[in-house]
Every structure is written in structure tokens, then in C-alpha cells.
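Here's a quick look at a chain you have on screen. Have the sequence and the model open side by side as you read.

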Amino acid sequence: MGFFSYKRFTGRATFEEADRMYEDIQHRFEEHKQYFENRAARLSSEIETQVKSINASKRLIKTELFPAFSEKMRRLKDIPVSEEYLEESFSGVTLKVDSIKSKSELYLIDFKKNLFKSNALAIITLGFYTRKRAKETLERVREEAKRLEEEMARMDSELTRLKQIKEALELMAQYFLSLIEIYRMLLNRLDNSVHFLMIRCISLAHELVRDQMSIKLLPKSQQAEIMAMVSISKILKTMVDKNIVISGNSEFVSRDLEEVKNDMRKQSKIIMDAA
């Protein structure tokens with residue numbers, strides 16, 4: 001009996017096929033898992049940076065810009081401004097990656113580890129027992145390889161999800177920063193309008209008279225700017241009060257995130273057009 005025939009007789013050939021398959025999937029899975037963990041950590045860090053930027057913008061708008069607007073408008077019209085706003089948070093990767101099963105969990109026979117014992121069993125049982133065990137081992141390894149292929153696909157999907165989240169939040173963070181600059185510019189214009197009315201009032205009555213602090217006494221262009229400022233403030237308040245990241249487990253729902261992004265894009269265009 002040739003060596004190859006003997007390996008077929010004992011089931012060793014089938015075992016070696018299972019062992020090669022195991023070594024291959026173990027190498028690819030561990031390499032993929034390491035890539036996933038590194039990439040996911042980097043994306044999560046970048047997402048956290050954008051979340052902090054958005055929170056800083058919300059904080060600035062609600063605690064500095066809105067009160068400044070309210071203070072300037074106080075002489076014209078009382079506009080109550082709440083200093084409460086919804087902060088964002090992100091807890092990181094939600095996917096839990098499983099590990100590859102060990103050989104001891106999968107192998108029902110091991111010609112590499114227990115060659116003498118395996119050969120003895122083959123001789124005693126005329127190869128029926130060892131061939132059966134080798135075949136079952138191969139099936140187990142195949143099932144594990146299939147499971148790990150699915151696990152790697154899940155990792156890829158999670159990385160895609162995190163990348164989409166990062167890109168969407170980068171866009172939203174940039175929207176906030178752009179709108180803050182526009183709002184500051186409009187605040188300066190509002191300040192000029194208020195000073196215009198104060199100087200006009202003092203020059204006519206030598207004192208501040210509330211009735212003379214009406215926006216109706218401003219030029220039409222300045223009246224339009226103030227009305228736009230009021231509208232923009234309402235839109236900004238809606239944007240600031242909107243939760244972009246779902247609280248609690250901080251998971252994103254792609255559809256909701258896309259809706260928020262599109263809504264912010266529309267609101268930003270309205271503000272920019274008004275400015």
C-alpha cells in the first residue's frame with residue numbers, strides 16, 4: 001500500500017485538507033480582524049472629533065450668539081431664549097467581533113498532534129473510525145470557515161457604516177461652523193441697526209424713548225435684515241435642538257441620519273440665501 005493510499009485509508013488525507021483549510025481561514029480572519037479593529041478605532045476617533053465640533057457649535061450658538069441676539073433685540077422686541085440644547089454623544093463601535101474556534105474545539109482527530117494514536121485507531125478499526133472522524137473534522141472546519149467569512153463581511157459592513165457616519169458628521173460640523181460665521185456677520189448688522197435707532201432717538205428727543213425704537217423707523221433694507229435674522233434664529237434653534245446621534249446606545253440609523261443631513265442642507269441654504 002503506497003503512502004498516499006495509506007493516508008486515504010486512515011483518513012489522514014481528509015484531515016490534512018481540513019488542517020490546511022483551518023490554517024488559511026485562521027490567517028485571513030486574524031489579519032482581517034486586526035485591520036477592522038484598527039480602522040474602526042480610527043473612524044470612531046474621527047467621529048468623536050466631529051461630535052465634539054458639533055457640540056461646541058451648539059454650545060456657542062445657544063449660550064453666546066442667541067443671548068447676544070436677544071440682548072440686541074431687547075429694545076425692539078422681547079424674544080426669550082432658552083440656554084438648553086441637546087448634546088451629541090457617540091459610544092463607538094457597536095459590533096462585537098467573535099473569535100475563531102480553536103483546533104481542539106473543531107478537530108475530532110489530529111494526525112499532526114497524535115500521529116501514533118491516530119494510526120493505531122486506523123489499524124484497529126480498519127480505518128472506518130479515523131476516516132469518519134476526519135470527515136467530520138473537515139465538515140466542522142468548513143462550517144467554521146463559512147461562519148468566519150460571514151463575520152468578515154459583517155466587519156466590512158460596519159466599517160462602511162462608520163465611514164458614512166464620519167462623512168455625514170463632517171458635513172454637518174462644517175454647516176454649523178459656516179452658519180456661525182454668517183450669524184456673527186448678521187449680529188454686527190443688527191448692532192448697527194440698533195445703534196442707528198438709538199442715535200436717531202437721542203438726536204430727536206435727547207433721550208431713549210421706546211416708541212422711537214421701532215424697526216419700522218429703519219430703512220427698508222435694515223428692516224428686511226432684522227426680519228431675516230429672526231427667521232434665521234428660529235431655523236438655527238431647530239437645528240441646534242435636533243439630535244443627530246441617537247442617545248443611549250449611540251447607534252445610528254442610516255435612514256434617520258440621511259434625513260438629518262438633508263434637512264440641515266436645506267436649512268443651511270435658506271439661511272445663506274437670507275443672509
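What follows covers confidence, a helix and a cavity.

Residues are numbered from 1 along each chain as its sequence is written, and side-chain values use heavy atoms, with hydrogens and water left out.

The chain's average pLDDT (the predictor's confidence in each residue, from 0 to 100) is 76, and 65% of the residues score at least 70. Helix 2 has the highest confidence, at a mean of 90, while helix 4 (residues 115–124) has the lowest, at 62. Residues 77–81 stay under 50, with eight contacts (heavy atoms within 4.5 Å) beyond four places in sequence. Where pLDDT is low, the predicted coordinates should not be read in detail.

## Helix 2

Helices here are DSSP runs (H or I, at least four residues), numbered from the N terminus. Helix 2 covers residues 12–73, and its end C-alpha atoms sit 87 Å apart; that agrees with the 92 Å its 62 residues should span at 1.5 Å a residue, counting one less than the number of residues.

Helix 2 also bends by about 35° at Ile61, taken as the angle between axes fitted to the seven residues ending there and the seven starting there.

## The cavity

A cavity is a set of points on a 1 Å grid over the protein atoms alone where a 1.4 Å probe fits but cannot get out; lining residues have an atom within 4 Å of a point. One cavity of 30 Å³ or more turns up. Helix 5 (128–205) and helix 6 (220–241) each give two or more residues to its lining, and helix 5 gives the most, with four. Among the lining residues are Leu186, Glu225 and Met229.

Key. This is a predicted model: local features need pLDDT of at least 70, side-chain atom pairs count only at pLDDT 80 or more; totals for chains, interfaces and linings use all residues. On a 1 Å grid over the protein atoms alone, a cavity is a set of points where a 1.4 Å probe fits but cannot get out, and a pocket is an open set with protein on both sides within 12 Å along at least five of seven lines; lining residues have an atom within 4 Å of a point. Grid points are joined across faces, edges and corners, and a volume is the space filled by probe spheres set on the points.
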